Structure formats: structure tokens, C-alpha cells
Amino acid sequence: MKTAIIKLANLVGETGLFQFLTPGRLPVFMLHRVTDTDEGVAGAMSADTLRRYLAYLARRRYQVISMDQLQRMLCDGNSIPLRSVMFTIDDGFRDHFDVAARVFDEFGYPLNFFVITGLLDRRLWPWDDQISYALTEARQQQSEILLPGGERYRLDFSVQSLREITRDLRNTLKRQNQGHIYDWLRNELYPKLAVSYPGEIPEDYRPMTWDDARDLRARGHGVYPHTYSHRILSTLSPVEKEAEIRQSLERVTTELDYHPEVFAYPTGRRIDYDKTDIEILKSAGIRLAFNTVPDYVRAGQTPFELARFSLPDSMADFLQIVNRFEALKEKLHRQPELPVSLLPTR
Ligand SMILES: [Zn+2]
């Protein structure tokens, strides 16, 4: 039933009706990992799936918006075209340069990269990826670890799957103070799981280089800071927040020879950043900042909390967002007199 309604809605969506009914909204997508084959990094999207999405946009004459265009829409009041969409990709891994950028180039579309500058400098790789890595490599069936906040945390592979444990431990750590999370990984998590601390960044998590980043900009893509170490800003002290943000801006300025005005919060839920972070960004010359709340960017909204949809795995879900059926559903939900019960929910 739900699939049939979505299929029908997507057929109607081709006419542009939903876009006409919900003007002033822009879907911004967030990609993660992209691989040439279906194998490799867990949770990655294949280049072919991405290519199918972009081919659809090209066929239907969608406008793929660049960051400069978005800035003019939000800061100078330029209007958001009805058939428009924008793409971003977070963290700065090697496949972003090798695979994702290449697919966007095939269509001449801009892609916007948010890079963890400590990763490009090869000084660290993201704590959340290290959790996945350490748990995947774990030699212990059971373990009791001490969280950064001092609480005990038990994990048991005979009771829970690797996937469940990974999700739970990551979520638990998102709520902890992350000031010393990289020391904690090295001194607590790796030893307790009997995994040796990798001397260099493992193959699956290798970053692009600054030369790659310069090349991306020369090809018309955007490269912007995404903090120095990917720690969750709202868990850090004011001094640490300031260092995370300013250090990443300085590295981008030095390496890419321009002053960035766009930023993305690590993890990006509303609880992952706060007013102090926004103040620091403003005083550092940032004019747009993205979170990861799944919603449309709206004309006239505050430019420091720009929403992004995760790029869906299925074409039907992708279409629902680009044809603004999602926006229409949201609009109808705000007007309870309409028969919303007939519409599928997200
Ligand atoms: Zn990120």
C-alpha cells in the first residue's frame, strides 16, 4: 500500500506539482562513503547508484546548486528555484576524491566537501570510525570498559551483534564529554578489546590529500572545514570548541588559499552544537553552517542551522525528497483539517 502510494506520488511529482505547492525549499543531500563496487566500506553507496540519481536529475533538468548560489539565496535574498537540489559529502576520505567527485564531474555538477582537517593532516581518523574498527577487530567476546565519564560499560558479542554493539557504544559516547576521547580510545578501548592500536590510518579510512582538495576546487567543487578532530562540539569546553573550529578554518585557509565562509557540525543533530558554537563561527567569518537534521533548507531561515537529508539508498525515497512530496507531507501535517491519515509517514 505504502509503496503504491509513493510510486503514484512520484509519478505526479514528475509534473512539478509538489514543487509548485511548496516553493522556497531546497533539499540538500549528505553523502558518506562511495565505492566503485558494492563491496568494501560498510554502509557505502555504489558509484552506479549515485550515477542513477544524477542521471535522473540531468534528464529532468534539475538545477544542482553550488555553495555560492546558496549563499546568495540565503544572504542576499535570491529565490530558490523550484527544481533545484544540492549535494554535500562529509569527512574527507580518499573515496570522496577518487569516486564521488569523478561521478559528479561526469554530469558537470558541483559537490561540496566538508573535511576534518586533522584527518587530511593525517594526525587522526574519526573517533566514531575508530569505534567500528576496534569492535570489528575485537579479540575478546566480552569486556567491561570504563567510559570517559567513569561509568562501567559491558559489551558481550555472545548476546548482541557487532552492529548492535557498535551503534550502542557510539550513541553512548555521543553523550559523554569528548574532551579526551582520542586518548580514551588508545588507552582504554583498544587494550580492553585486545586490539593493537594502528600505527597508521587503516586502508578503509584513508583520507584524501590537500593536493586532492586543491584539485577539487580547481574543478569547481567546494571544500570547507568540518572541525579539526570531529569531536561533538556541545560536549567540549569553550576553549576546546574555539580550538576545534578556528584550527580547522586556519588549516583550510592556509592549504587552499581562501577564507572559508561555510562549515558543518560533526554528527550534526540539534543537541550536538549550541549557541556558543554559532557565536564562535560568526566571529570567525562563517556565514553558513549545516547540521544533519533531515529537512529542507528554507528561504529566509537562519543560515547557521541548515538542514540536510542523508542521501537515501532507494530511488523512490530520493525522488520523494527532490520532487518535494516530503515537503508537501510536512505542510499537510501542519494543517490538521486535511486528511493526512491517507498519506504515508516517514
Ligand atoms: Zn562528519
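Helices (H or I, at least four residues) and strands (E, at least two) are DSSP runs, numbered from the N terminus. This is a predicted model, in which local features need pLDDT of at least 70, side-chain atom pairs count only at pLDDT 80 or more, and totals for chains, interfaces and linings use all residues. Residues are numbered from 1 along each chain as its sequence is written, and side-chain values use heavy atoms, with hydrogens and water left out.

**View 1. Arg61 has a positive phi.** Arg61 sits in the loop between helix H3 (47–59) and strand E5 (63–64). Its phi is about 55 degrees, although Arg61 is not a glycine. Most residues other than glycine have a negative phi. Is Arg61 buried or exposed? Arg61 counts as exposed, because its relative accessibility is 72%. Here buried means under 20% relative accessible area, exposed means over 50%, and partly exposed lies in between (1.4 Å probe, protein chains only).

**View 2. Arg122 also has a positive phi.** The phi of Arg122 is about 60 degrees, and Arg122 is not a glycine. Arg122 is placed in the loop between helix H6 (117–120) and helix H7 (127–137). With 44% relative accessibility, Arg122 counts as partly exposed.

**View 3. Three protein residues hold donors for the zinc ion.** Which residues are the protein donors of the zinc ion? They are Asp91 (OD), His226 (NE2) and His230 (NE2), lying 2.1 to 2.2 Å from the zinc ion. Donors are N, O and S atoms within 2.8 Å of the metal (3.2 Å for Na, K and Ca); water is not among the atoms, so sites may look incomplete. Along the chain, the donors of the zinc ion follow the spacing D-x134-H-x3-H. Asp91 and His230 link distant parts of the chain, 139 residues apart. Asp91 is in strand E6 (residues 84–91), while His230 is in the loop between strand E10 (222–225) and helix H11 (238–256). Asp91 counts as buried, at 8% relative accessibility. His230 counts as buried too, at 4%.

View 4. The domain assignment gives domain 1 (2–6 + 22–122 + 206–341) and domain 2 (127–192). Such bounds come from an automatic or database domain assignment. The centres of domain 1 and domain 2, taken over C-alpha atoms, are 28 Å apart. How many residues does each domain give to the contact? Domain 1 gives 10 residues and domain 2 gives 10 residues. Contact means heavy atoms within 4.5 Å. The area buried between domain 1 and domain 2 is about 820 Å², and carbon and sulfur atoms give 47% of it. Buried area is the accessible area (1.4 Å probe) that two parts lose on being put together, summed over both. His230, Arg231 and Thr235 supply 48% of the area that domain 1 buries against domain 2, more than any other three residues. Between domain 1 and domain 2 the count is 0 salt bridges.

**View 5. Asp90 pairs with Arg308.** A salt bridge is a side-chain nitrogen of Lys or Arg within 4 Å of a carboxyl oxygen of Asp or Glu. The structure holds 28 salt bridges. In one of them, Asp90 pairs with Arg308, and the closest N and O atoms are 2.9 Å apart. Asp90 lies in strand E6, and Arg308 in the loop between strand E13 (297–298) and strand E14 (309–310). This pair links distant parts of the chain, 218 residues apart. Both Asp90 and Arg308 are buried.

View 6. Arg214 and Asp211 both lie in helix H10 (residues 210–218), 3 residues apart, about one turn of the helix. Arg214 is partly exposed, with a relative accessible area of 33%. Asp211 counts as exposed, at 53% relative accessibility. A network of salt bridges links Asp121, Asp211, Arg214, Arg251 and Glu255.

**View 7. Arg298 meets Glu330.** The side chains of Arg298 and Glu330 form a salt bridge (2.3 Å, N to O). Arg298 lies in strand E13 and Glu330 in helix H14, so the pair ties together parts that are 32 residues apart in sequence. Helix H14 covers residues 325–333. Glu330 is buried, because its relative accessible area is 15%.
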